[in-house]
Amino acid sequence: MKFEKIHLDDIVRCYCASSLTIQNQTYALFASENPQSECYSYTGKDFSEREVVWKDRGGCMSIIPLPFKSGEFLAVNEFYLKVTPSRAKLVHGRKTEHGWEIQDVLSLPYLHRFDIYSVGGIQYLICATIARNKQSKEDWSEPGQIYVGVLPDDLSQGIELKLLVDGCYRNHGYCRGFYRNQLCGYFASDQGILRVIPPQDQSGEWEVERIFEGQVGEVAFADIDGDGIEEMMTIEPFHGNHMKIYKWRDHRYVCDYVYPHEIDFAHALIGTNLNGKPCFVGGVRRVQAELFVVQFSEGTYQVTTVETGAGPANIAVLHRADGDYILSANHTKNEAAVYKVVE
(Lines give C-alpha, C1' and ligand atoms only; values in the text may rest on other atoms or scores of the structure.)
Protein backbone atom coordinates (compact mmCIF):
# COMPACT_ATOMS: atom_id res chain seq x y z
CA MET A 1 0.00 0.00 0.00
CA LYS A 2 1.37 3.40 -1.03
CA PHE A 3 0.34 6.90 -0.07
CA GLU A 4 0.63 10.41 -1.42
CA LYS A 5 0.91 13.11 1.23
CA ILE A 6 -0.76 16.51 1.16
CA HIS A 7 0.55 18.99 3.73
CA LEU A 8 -2.38 21.18 4.68
CA ASP A 9 -1.09 23.48 7.41
CA ASP A 10 1.34 24.05 10.21
CA ILE A 11 -0.85 23.77 13.34
CA VAL A 12 0.93 23.79 16.70
CA ARG A 13 -0.01 20.72 18.76
CA CYS A 14 -2.50 19.57 16.14
CA TYR A 15 -4.89 17.31 18.05
CA CYS A 16 -8.14 16.60 16.21
CA ALA A 17 -8.81 15.16 12.74
CA SER A 18 -12.39 14.76 11.56
CA SER A 19 -14.67 15.33 8.57
CA LEU A 20 -18.21 16.12 7.59
CA THR A 21 -20.24 16.33 4.39
CA ILE A 22 -22.15 19.42 3.26
CA GLN A 23 -24.30 19.14 0.12
CA ASN A 24 -22.27 16.16 -1.14
CA GLN A 25 -19.01 18.02 -0.59
CA THR A 26 -16.55 16.65 1.96
CA TYR A 27 -14.72 18.83 4.45
CA ALA A 28 -11.68 17.78 6.47
CA LEU A 29 -11.44 19.50 9.87
CA PHE A 30 -8.32 19.88 12.00
CA ALA A 31 -7.98 21.56 15.40
CA SER A 32 -5.30 22.18 18.03
CA GLU A 33 -5.19 21.30 21.71
CA ASN A 34 -3.52 24.61 22.56
CA PRO A 35 -5.62 27.41 24.11
CA GLN A 36 -6.64 30.25 21.78
CA SER A 37 -5.83 28.14 18.73
CA GLU A 38 -7.22 27.54 15.31
CA CYS A 39 -9.55 25.02 13.74
CA TYR A 40 -9.67 24.93 9.95
CA SER A 41 -11.84 23.17 7.37
CA TYR A 42 -10.43 22.04 4.02
CA THR A 43 -12.35 21.09 0.92
CA GLY A 44 -11.94 20.93 -2.84
CA LYS A 45 -10.22 18.35 -5.01
CA ASP A 46 -6.83 18.86 -3.36
CA PHE A 47 -8.19 20.20 -0.03
CA SER A 48 -6.85 23.66 -0.95
CA GLU A 49 -10.03 25.57 -0.06
CA ARG A 50 -9.47 26.54 3.57
CA GLU A 51 -11.86 28.25 5.96
CA VAL A 52 -11.48 29.28 9.58
CA VAL A 53 -13.87 27.36 11.84
CA TRP A 54 -12.60 29.06 15.00
CA LYS A 55 -9.46 30.84 16.19
CA ASP A 56 -10.32 31.76 19.77
CA ARG A 57 -10.38 28.39 21.54
CA GLY A 58 -8.54 25.08 21.75
CA GLY A 59 -8.43 21.80 23.62
CA CYS A 60 -10.28 19.96 20.85
CA MET A 61 -9.90 16.22 20.40
CA SER A 62 -13.36 15.29 19.06
CA ILE A 63 -15.59 16.73 16.33
CA ILE A 64 -18.73 14.72 15.55
CA PRO A 65 -21.21 15.61 12.75
CA LEU A 66 -24.82 16.04 13.85
CA PRO A 67 -26.99 13.36 12.20
CA PHE A 68 -29.52 14.64 9.66
CA LYS A 69 -28.22 18.24 9.93
CA SER A 70 -25.96 19.14 7.02
CA GLY A 71 -23.01 21.31 7.94
CA GLU A 72 -23.50 21.01 11.72
CA PHE A 73 -21.39 19.34 14.36
CA LEU A 74 -20.68 19.08 18.06
CA ALA A 75 -17.12 19.37 19.38
CA VAL A 76 -15.15 19.30 22.61
CA ASN A 77 -13.44 22.60 23.42
CA GLU A 78 -11.17 23.73 26.25
CA PHE A 79 -10.07 20.24 27.31
CA TYR A 80 -6.73 20.75 29.08
CA LEU A 81 -5.10 18.25 31.42
CA LYS A 82 -3.03 21.00 33.04
CA VAL A 83 -5.94 23.33 33.87
CA THR A 84 -7.97 23.08 37.08
CA PRO A 85 -10.80 23.69 37.51
CA SER A 86 -11.57 22.24 34.12
CA ARG A 87 -13.07 24.47 31.42
CA ALA A 88 -14.02 21.56 29.14
CA LYS A 89 -17.29 21.97 27.27
CA LEU A 90 -19.34 20.83 24.32
CA VAL A 91 -19.96 23.33 21.52
CA HIS A 92 -22.25 23.42 18.49
CA GLY A 93 -20.81 24.42 15.14
CA ARG A 94 -22.60 25.12 11.87
CA LYS A 95 -21.67 26.46 8.49
CA THR A 96 -23.60 29.49 7.28
CA GLU A 97 -23.33 31.78 4.28
CA HIS A 98 -21.22 34.04 6.49
CA GLY A 99 -18.84 31.30 7.61
CA TRP A 100 -18.73 29.02 10.63
CA GLU A 101 -20.65 29.84 13.79
CA ILE A 102 -19.80 28.30 17.20
CA GLN A 103 -22.03 28.31 20.29
CA ASP A 104 -21.50 26.72 23.70
CA VAL A 105 -23.89 23.87 24.54
CA LEU A 106 -22.85 22.51 27.95
CA SER A 107 -19.96 22.45 30.38
CA LEU A 108 -18.64 19.14 31.71
CA PRO A 109 -15.33 19.05 33.61
CA TYR A 110 -12.62 17.06 31.80
CA LEU A 111 -14.94 16.07 28.96
CA HIS A 112 -12.65 14.18 26.60
CA ARG A 113 -14.64 11.96 24.22
CA PHE A 114 -18.27 11.90 23.13
CA ASP A 115 -20.52 10.56 20.41
CA ILE A 116 -24.06 10.78 19.06
CA TYR A 117 -26.11 7.60 18.59
CA SER A 118 -29.14 7.77 16.30
CA VAL A 119 -31.46 4.96 17.43
CA GLY A 120 -35.20 4.66 16.80
CA GLY A 121 -35.51 8.31 15.84
CA ILE A 122 -33.76 9.42 19.06
CA GLN A 123 -30.43 11.25 19.11
CA TYR A 124 -28.58 10.01 22.19
CA LEU A 125 -25.56 11.92 23.46
CA ILE A 126 -22.87 9.95 25.30
CA CYS A 127 -19.97 11.76 27.01
CA ALA A 128 -16.83 10.41 28.68
CA THR A 129 -14.76 12.40 31.15
CA ILE A 130 -11.12 11.43 31.61
CA ALA A 131 -11.29 12.21 35.35
CA ARG A 132 -13.72 13.76 37.81
CA ASN A 133 -11.16 16.29 38.99
CA LYS A 134 -7.41 16.89 38.74
CA GLN A 135 -5.02 18.91 40.88
CA SER A 136 -2.25 18.66 38.28
CA LYS A 137 -1.56 17.04 34.92
CA GLU A 138 -0.22 13.88 36.57
CA ASP A 139 -2.95 13.63 39.22
CA TRP A 140 -5.08 10.54 38.47
CA SER A 141 -6.52 10.05 41.94
CA GLU A 142 -10.13 10.56 40.80
CA PRO A 143 -11.84 8.43 38.14
CA GLY A 144 -13.65 9.45 34.99
CA GLN A 145 -17.29 8.81 34.18
CA ILE A 146 -19.68 8.11 31.31
CA TYR A 147 -22.79 10.29 31.01
CA VAL A 148 -25.77 9.94 28.67
CA GLY A 149 -28.63 12.15 27.56
CA VAL A 150 -30.93 12.98 24.66
CA LEU A 151 -30.21 15.77 22.19
CA PRO A 152 -33.14 18.14 21.70
CA ASP A 153 -33.88 19.55 18.24
CA ASP A 154 -33.07 22.99 19.63
CA LEU A 155 -29.72 22.77 21.40
CA SER A 156 -30.33 26.09 23.12
CA GLN A 157 -32.84 24.25 25.32
CA GLY A 158 -29.93 22.58 27.10
CA ILE A 159 -29.13 18.91 27.59
CA GLU A 160 -29.83 16.93 30.73
CA LEU A 161 -27.15 14.33 31.39
CA LYS A 162 -27.35 11.39 33.77
CA LEU A 163 -24.45 9.39 35.15
CA LEU A 164 -24.24 5.94 33.56
CA VAL A 165 -20.82 4.64 34.70
CA ASP A 166 -18.38 5.78 37.39
CA GLY A 167 -14.98 4.52 38.52
CA CYS A 168 -13.08 4.57 35.21
CA TYR A 169 -9.57 5.79 35.96
CA ARG A 170 -7.73 7.39 33.01
CA ASN A 171 -10.95 7.10 31.01
CA HIS A 172 -9.27 7.81 27.66
CA GLY A 173 -10.18 5.35 24.91
CA TYR A 174 -13.29 5.25 22.75
CA CYS A 175 -14.61 3.85 19.48
CA ARG A 176 -18.03 3.34 17.96
CA GLY A 177 -19.03 -0.19 16.95
CA PHE A 178 -21.81 -2.69 16.37
CA TYR A 179 -22.69 -5.70 18.48
CA ARG A 180 -25.38 -8.13 17.37
CA ASN A 181 -26.58 -5.59 14.82
CA GLN A 182 -26.92 -2.92 17.49
CA LEU A 183 -25.02 0.36 17.55
CA CYS A 184 -22.73 0.55 20.56
CA GLY A 185 -19.69 2.26 22.03
CA TYR A 186 -16.50 0.86 23.51
CA PHE A 187 -14.76 2.77 26.31
CA ALA A 188 -11.22 2.00 27.51
CA SER A 189 -9.65 2.88 30.85
CA ASP A 190 -7.50 1.39 33.61
CA GLN A 191 -10.55 -0.76 34.41
CA GLY A 192 -10.55 -2.43 30.99
CA ILE A 193 -12.99 -2.08 28.12
CA LEU A 194 -16.72 -1.47 28.48
CA ARG A 195 -19.34 -2.08 25.82
CA VAL A 196 -22.24 0.37 26.10
CA ILE A 197 -25.47 -0.13 24.12
CA PRO A 198 -28.20 2.54 23.94
CA PRO A 199 -31.86 1.61 24.42
CA GLN A 200 -34.25 1.34 21.48
CA ASP A 201 -36.55 3.92 23.10
CA GLN A 202 -36.29 6.42 25.94
CA SER A 203 -38.11 4.11 28.35
CA GLY A 204 -35.45 1.44 27.96
CA GLU A 205 -32.23 0.95 29.88
CA TRP A 206 -28.67 1.38 28.67
CA GLU A 207 -26.68 -1.87 28.64
CA VAL A 208 -23.16 -1.87 30.07
CA GLU A 209 -20.82 -4.87 29.95
CA ARG A 210 -17.12 -5.20 30.69
CA ILE A 211 -15.62 -7.22 27.84
CA PHE A 212 -11.91 -7.00 28.71
CA GLU A 213 -9.83 -6.61 31.87
CA GLY A 214 -6.58 -4.67 32.07
CA GLN A 215 -5.27 -1.15 31.62
CA VAL A 216 -6.20 0.03 28.12
CA GLY A 217 -5.64 3.46 26.62
CA GLU A 218 -7.37 3.03 23.27
CA VAL A 219 -9.40 0.43 21.38
CA ALA A 220 -10.57 -0.27 17.83
CA PHE A 221 -12.28 -3.11 15.94
CA ALA A 222 -12.01 -4.47 12.39
CA ASP A 223 -12.36 -7.89 10.76
CA ILE A 224 -8.98 -7.67 9.10
CA ASP A 225 -8.57 -11.42 8.49
CA GLY A 226 -12.03 -11.77 6.91
CA ASP A 227 -13.26 -14.61 9.11
CA GLY A 228 -16.48 -12.81 9.98
CA ILE A 229 -15.43 -11.96 13.55
CA GLU A 230 -13.88 -8.58 14.29
CA GLU A 231 -10.40 -8.42 15.74
CA MET A 232 -9.75 -5.96 18.57
CA MET A 233 -6.66 -3.75 18.60
CA THR A 234 -5.55 -1.89 21.71
CA ILE A 235 -3.06 0.60 23.01
CA GLU A 236 -1.86 -0.54 26.44
CA PRO A 237 -1.72 1.05 28.96
CA PHE A 238 -2.80 4.74 28.96
CA HIS A 239 -0.56 6.60 26.46
CA GLY A 240 1.15 3.25 26.32
CA ASN A 241 4.12 1.44 24.79
CA HIS A 242 2.29 -1.66 23.55
CA MET A 243 -0.17 -2.11 20.70
CA LYS A 244 -1.82 -5.52 20.41
CA ILE A 245 -4.38 -7.33 18.26
CA TYR A 246 -6.74 -9.77 19.95
CA LYS A 247 -8.94 -12.49 18.47
CA TRP A 248 -12.16 -13.77 20.03
CA ARG A 249 -11.52 -17.40 20.98
CA ASP A 250 -13.25 -19.63 23.50
CA HIS A 251 -15.46 -16.78 24.73
CA ARG A 252 -12.61 -14.41 25.47
CA TYR A 253 -10.10 -12.12 23.74
CA VAL A 254 -6.71 -13.76 23.17
CA CYS A 255 -3.66 -11.78 22.03
CA ASP A 256 -2.74 -12.79 18.48
CA TYR A 257 -0.24 -10.09 17.49
CA VAL A 258 1.99 -7.49 19.13
CA TYR A 259 3.16 -4.49 17.11
CA PRO A 260 6.89 -5.25 16.82
CA HIS A 261 8.49 -1.81 16.85
CA GLU A 262 9.61 0.19 19.87
CA ILE A 263 6.97 2.75 20.73
CA ASP A 264 6.26 5.34 23.39
CA PHE A 265 3.11 7.42 23.85
CA ALA A 266 0.91 5.55 21.39
CA HIS A 267 -2.20 7.66 21.02
CA ALA A 268 -4.11 7.21 17.75
CA LEU A 269 -5.98 4.08 16.66
CA ILE A 270 -8.94 3.32 14.38
CA GLY A 271 -10.42 0.31 12.61
CA THR A 272 -11.43 1.13 9.05
CA ASN A 273 -11.27 0.19 5.36
CA LEU A 274 -8.70 1.41 2.84
CA ASN A 275 -9.13 0.50 -0.81
CA GLY A 276 -11.99 -1.74 0.28
CA LYS A 277 -9.82 -3.80 2.63
CA PRO A 278 -10.27 -3.82 6.42
CA CYS A 279 -7.31 -2.60 8.44
CA PHE A 280 -6.15 -0.79 11.54
CA VAL A 281 -4.50 2.62 11.33
CA GLY A 282 -2.36 3.69 14.27
CA GLY A 283 -0.19 6.56 15.38
CA VAL A 284 2.61 6.98 17.94
CA ARG A 285 3.82 10.31 19.32
CA ARG A 286 7.41 9.44 20.34
CA VAL A 287 10.46 7.33 19.33
CA GLN A 288 9.82 6.89 15.56
CA ALA A 289 6.57 8.88 15.89
CA GLU A 290 5.06 6.82 13.09
CA LEU A 291 1.74 6.69 11.29
CA PHE A 292 1.12 3.12 10.14
CA VAL A 293 -1.41 0.66 8.71
CA VAL A 294 -1.88 -2.99 9.76
CA GLN A 295 -3.48 -5.44 7.32
CA PHE A 296 -3.77 -9.22 7.22
CA SER A 297 -2.51 -10.94 4.07
CA GLU A 298 -1.27 -14.43 3.23
CA GLY A 299 -1.83 -15.58 6.80
CA THR A 300 0.19 -12.85 8.53
CA TYR A 301 -0.22 -9.36 9.92
CA GLN A 302 1.57 -6.88 7.69
CA VAL A 303 2.57 -3.34 8.65
CA THR A 304 2.94 -0.44 6.23
CA THR A 305 4.63 2.66 7.63
CA VAL A 306 3.01 5.71 6.10
CA GLU A 307 5.37 8.27 7.64
CA THR A 308 7.81 8.55 10.54
CA GLY A 309 8.35 11.70 12.57
CA ALA A 310 4.72 12.77 12.28
CA GLY A 311 3.50 11.77 15.75
CA PRO A 312 -0.27 11.57 15.14
CA ALA A 313 -2.52 12.47 18.06
CA ASN A 314 -5.69 11.49 16.19
CA ILE A 315 -6.59 10.07 12.82
CA ALA A 316 -9.68 9.62 10.70
CA VAL A 317 -10.42 8.14 7.29
CA LEU A 318 -12.32 9.93 4.55
CA HIS A 319 -13.82 8.02 1.63
CA ARG A 320 -14.34 10.16 -1.48
CA ALA A 321 -15.25 9.30 -5.05
CA ASP A 322 -11.61 9.87 -6.06
CA GLY A 323 -10.18 7.58 -3.38
CA ASP A 324 -9.54 7.00 0.31
CA TYR A 325 -7.66 9.43 2.54
CA ILE A 326 -6.13 9.23 6.00
CA LEU A 327 -6.58 12.49 7.91
CA SER A 328 -3.81 12.82 10.47
CA ALA A 329 -3.42 15.40 13.23
CA ASN A 330 0.38 15.21 13.36
CA HIS A 331 0.97 16.49 16.89
CA THR A 332 4.73 15.89 17.04
CA LYS A 333 5.25 17.58 13.67
CA ASN A 334 2.76 20.39 14.44
CA GLU A 335 0.99 19.65 11.20
CA ALA A 336 -2.38 18.91 9.61
CA ALA A 337 -1.91 16.38 6.82
CA VAL A 338 -3.85 14.15 4.45
CA TYR A 339 -2.54 10.91 2.93
CA LYS A 340 -4.21 9.59 -0.21
CA VAL A 341 -4.08 5.85 -0.91
CA VAL A 342 -2.55 5.66 -4.38
CA GLU A 343 -1.78 1.93 -4.62
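Buried residues, meaning those under 20% relative accessible area, make up 59% of the 343 residues in this protein. The structure is a predicted model, in which local features need pLDDT of at least 70, side-chain atom pairs count only at pLDDT 80 or more, and totals for chains, interfaces and linings use all residues. Residues are numbered from 1 along each chain as its sequence is written, and side-chain values use heavy atoms, with hydrogens and water left out.

The protein contains zero helices and 28 strands. These elements are DSSP runs numbered from the N terminus, a helix (H or I) having at least four residues and a strand (E) at least two. Along the principal axes, the C-alpha atoms fill a box of roughly 55 × 45 × 40 Å. Of the contacts (heavy atoms within 4.5 Å) with a separation of 6 or more, 46% are between residues 24 or more positions apart.

The surface may be considered next. The protein exposes about 14,900 Å², of which carbon and sulfur atoms supply 43%; such areas come from the Shrake-Rupley method with a 1.4 Å probe, and for residues only the protein chains shown count as cover. There are 33 positive and 46 negative charges, and their mean positions are 3 Å apart. Lys and Arg count as positive and Asp and Glu as negative, while His and the chain ends are not counted. Each charge is placed at NZ of Lys, CZ of Arg, CG of Asp or CD of Glu.

Glu-335 belongs to strand E28, residues 335–341. Its relative accessibility is 4%, so Glu-335 counts as buried. Beyond its neighbours within four places in sequence, Glu-335 is in contact with residues including Lys-5, His-7, Asp-9 and Ser-328. With Lys-5 there is also a polar contact of 3.0 Å between the side chains. A polar contact is a pair of N or O atoms within 3.5 Å; within protein, one must be able to donate a hydrogen and the other to accept it, and residues adjacent in sequence count only if both atoms are side-chain atoms.

Two serines may be set side by side. Ser-189, in strand E15 (residues 182–189), is buried because its relative accessible area is 3%. Ser-141 lies in the loop between strands E11 and E12, and its 49% relative accessibility makes it partly exposed. The side chain of Ser-141 forms a polar contact of 2.8 Å with that of Asp-139.

Most residues other than glycine have a negative phi, and most peptide bonds are trans. The bond from Thr-84 to Pro-85 is cis, with omega near 0°, and Pro-85 is in the loop between strands E7 and E8. Glu-236 and Pro-237 are also joined by a cis peptide bond, with omega about -20°. In the loop between E23 and E24, Val-287 and Ala-289 have positive phi values, near 60° for Val-287 and about 50° for Ala-289. Val-287 is partly exposed because its relative accessible area is 45%, whereas Ala-289, at 4%, is buried.

Notes: Buried means under 20% relative accessible area, exposed over 50%, partly exposed in between (1.4 Å probe, protein chains only).
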